[in-house]
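Dear colleague,

Please find below the structure that I am handing over to you. My findings follow directly after it.

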Amino acid sequence: MLDDHALIREALKIRLTLEVDFKVAGVYETGRELLEGLLVQPADLLVLDYQLADGELDGLRLIKSVRTRHPDLRIVIFSSLDRPATVNMCIRAGVNGFVGKTQASDELLKAIRMAALDRIYLSPEVAAALEKKPVPQLPDDEHHLQGDQALADYPELSPKEREVLRCCLQGLSVSQIAIKFTRSRKTISGQKQAAFRKLGISTDGELFKLQSQLKDL
């Protein structure tokens with residue numbers, strides 16, 4: 001189990017220890033501690049926070065590192081950062097479940113037990129936000145997407161929203177996109193905001209951060 005907040009680590013350890021079918025093999029604060037600890041004390045399943053302290057590996061990089069070193073290890077994400085695009089990227093990166101920290105602890109227990117059976121689990125709230133469960137993709141999949149293409153091909157986006165998003169990722173402004181497609185600025189702005197809502201973001205900065213994370217996946 002990895003979380004950079006001491007109180008959450010202790011609370012989760014106590015809660016998980018109460019379950020007769022669980023055994024907590026290790027509790028870690030940093031990604032480095034986790035990777036070193038797994039070499040000493042192997043585990044069957046990892047409960048991982050997605051957003052760690054400054055200076056730490058971001059969620060996707062850490063998932064990739066764990067997957068590379070321990071391909072059979074099941075991973076359940078337990079995080080407050082549960083926007084649809086983040087959940088989608090995590091599932092595509094190979095995690096077995098995603099539970100928001102605002103959910104009851106019973107949801108996490110369900111996720112752990114489902115993941116142990118090699119089944120993907122999303123809490124009801126997360127699943128409702130996604131509307132459609134994402135499909136895991138292995139890094140060597142011939143259809144594996146990276147960077148701006150992965151974001152632009154997010155399945156919930158309409159064709160026009162994908163066009164606008166691709167242009168945004170190329171650095172074009174709303175006005176420039178409107179000229180490019182001979183549409184009104186208001187129409188382009190509406191399509192851009194609709195795409196942002198489906199990705200669970202609200203600013204250009206968050207868009208480019210998602211792009212950067214996908215390129216590192």
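Of the 217 residues of the protein chain, 47% are buried, meaning under 20% relative accessible area, with exposed over 50% and partly exposed in between (1.4 Å probe, protein chains only). This is a predicted model, in which local features need pLDDT of at least 70 and side-chain atom pairs count only at pLDDT 80 or more, while totals for chains, interfaces and linings use all residues. Residues are numbered from 1 along each chain as its sequence is written, and side-chain values use heavy atoms, with hydrogens and water left out.

The secondary structure of the chain consists of 11 helices and four strands; these are DSSP runs numbered from the N terminus (helices H or I, at least four residues; strands E, at least two). Among contacts (heavy atoms within 4.5 Å) with a separation of 6 or more, 60% join residues 24 or more positions apart.

Two helix pairs deserve a description. Helix H2 (residues 31-40) packs against helix H3 (residues 59-69) at an angle of about 10°, the axes being 11 Å apart; axes are lines fitted to C-alpha atoms, for helices over the stretch in contact, and angles run from 0 to 180 degrees between N-to-C directions. H2 is therefore roughly parallel to H3 (angles under 35 degrees are roughly parallel, over 145 roughly antiparallel, 65 to 115 roughly perpendicular and the rest oblique). Gly31, Leu34 and Leu35 of H2 meet Leu62, Ser65, Val66 and Arg69 of H3. By class, these residues are four nonpolar, two polar and one charged, where Ala, Val, Leu, Ile, Met, Phe, Trp, Tyr, Cys and Pro count as nonpolar, Asp, Glu, Lys and Arg as charged, and the others, Gly among them, as polar. Ser65 has 17% relative accessibility and therefore counts as buried. The C-alpha atoms of Ser65 and Gly31 are 9.4 Å apart, across 34 residues of sequence.

Helix H8 (residues 159-169) and H10 pack at about 90°, with their axes 9 Å apart, so they are roughly perpendicular to each other. The residues in this contact include Lys160, Val164 and Cys168 of H8 and Ile188, Gln191 and Phe196 of H10.

Arg183 lies in the loop between helix H9 (174-181) and helix H10 (185-199). Because its relative accessibility is 19%, Arg183 counts as buried. Its side chain forms a polar contact of 2.5 Å with that of Glu163 (a pair of N or O atoms within 3.5 Å; within protein, one must be able to donate a hydrogen and the other to accept it, and residues adjacent in sequence count only if both atoms are side-chain atoms). Beyond its neighbours within four places in sequence, Arg183 is in contact with Lys160, Glu163, Val164, Ala178, Ile188 and Gln191.

With kind regards
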